[in-house]
Amino acid sequence: MVHLPRRRGWEIPDSSATPEAAFVDRRDFLKLVGLAGAGLAVGAGLTRAARALAAAAPAVAAPGAARSIYPARRNPAFVLDRPLTGEQVAATYNNFYEFTEQKDAVARLVGKFEPRPWRIEIAGMVETPRQVDVGYLIRSLPVEERLYRHRCVEAWAMAVPWTGIPMREFVKWAKPTSSARFVRMVSFLRPDEAPNQKTATWYPWPYYEGLRLEEAMNDLTLLAVGIYGHDLPKQHGAPIRLVTPWKYGFKSIKSIVRFEFTDRQPKTFWNDVAAKEYDFLANVNPKVPHPRWSQATERMIGSDERRPTLPYNGYGQWAAGLYDKG
Ligand code: MTE
């Protein structure tokens with residue numbers, strides 16, 4: 001996997017950004033005061049002069065100096081039981097119905113889609129409804145890399161390195177009120193950029209999904225902004241998409257423009273299209289066949305290897321407890 005640091009071209013203007021002080025991490029700070037590699041703990045062994053420099057750090061690091069989030073620290077809690085799927089394989093076999101229903105054609109049809117700049121609305125039962133640019137979230141909230149398996153309801157699977165914001169951190173930042181019990185997420189509606197939104201009028205565009213609040217706060221739940229050590233390409237749901245690895249892939253809504261906190265279970269796109277085939281929870285379960293095919297095994301894209309499907313896609317240690325009460 002290549003981890004080339006890259007500056008994003010869609011950083012928000014400094015006027016709307018969190019003060020730079022929040023973005024100067026410990027490593028940058030040590031470089032700044034010339035102590036990188038000296039093994040000194042910030043605040044412990046620093047001289048008065050170094051502390052004075054530290055105070056000056058935000059100004060030194062200001063405009064345009066936002067650091068790249070890549071390579072992001074990999075969270076060691078999540079390990080794979082199989083090789084990573086090739087980047088090209090994952091990037092050319094996609095479900096993104098806004099563009100086409102042909103998995104191998106999505107990558108070719110996303111050309112007009114413009115995922116930056118990207119406004120995100122935080123609405124509903126929150127202390128303060130607001131709109132922010134996705135760059136603001138990426139720069140203000142913690143970001144890490146996780147190696148996850150992804151299981152589509154269609155029985156294909158992949159294993160990929162996502163980079164993203166733990167959704168719990170996002171929810172804490174969004175400050176839902178005590179009455180909120182669910183979060184509803186909505187994708188973009190841009191028929192001029194997404195051809196299938198124009199032609200496939202029988203779908204209830206834009207794509208929408210939802211989670212219980214405790215699912216959104218679970219350790220596994222990630223708002224991915226990158227994959228394979230760089231920003232998400234358009235076909236994977238740039239610039240920000242959900243990743244819930246214990247659920248079938250259709251829950252992982254791409255290119256989110258709105259998060260709405262609510263006290264009612266939200267409707268979901270696929271449940272509205274075919275209620276008998278796609279339920280709200282959509283937890284991976286080898287014992288419950290899809291009405292039209294078995295879920296007992298899965299096919300790894302790229303190798304075509306068949307593997308037994310695992311309950312909760314193998315993430316039961318984190319996710320099963322969410323459903324103790326049903
Ligand atoms: N999100 C939107 N907005 N539109 C979609 O069609 N497809 C879902 C999910 N998120 C979809 C979506 C399905 S069915 C799957 S399996 C995953 O995205 C596929 O993600 P990938 O193409 O990055 O592998």
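1. Helices here are DSSP runs of H or I with at least four residues, strands are E runs of at least two, and both are numbered from the N terminus. By that count the chain has 10 helices and 12 strands.

2. Housekeeping: this is a predicted model, where local features need pLDDT of at least 70, side-chain atom pairs count only at pLDDT 80 or more, and totals for chains, interfaces and linings use all residues. Residues are numbered from 1 along each chain as its sequence is written, and side-chain values use heavy atoms, with hydrogens and water left out.

3. Of the chain's 326 residues, 51% are buried (under 20% relative accessible area, 1.4 Å probe, protein chains only). Take the contacts (heavy atoms within 4.5 Å) between residues at least 6 apart in sequence: 72% of them join residues at least 24 apart.

4. Five strands form an open sheet in the order 2-1-10-5-6, with mixed pairing (a pair needs at least two DSSP bridges). Strand 2 (130-133) and strand 6 (208-212) are at the edges with a single partner strand each, so one side of each has no neighbour in the sheet. From one strand to the next, the twist averages 20°.

5. Strands 5 and 6 run antiparallel and are joined by five bridges. Arginine 184 sits opposite glycine 210 of strand 6.

6. One more arginine to look at: arginine 190, in the loop between strand 5 (182-187) and helix 7 (195-199). Arginine 190 touches Phe113, Glu114, Trp118 and Gln197, leaving aside residues up to four places away in sequence. Its C-alpha is 8.6 Å from that of proline 206, 16 residues away in sequence.

Notes:
Buried < 20%, exposed > 50% of the residue type's maximum accessible area, 1.4 Å probe, protein only. Axes fitted to C-alpha atoms, helices over the stretch in contact; angles between N-to-C directions.
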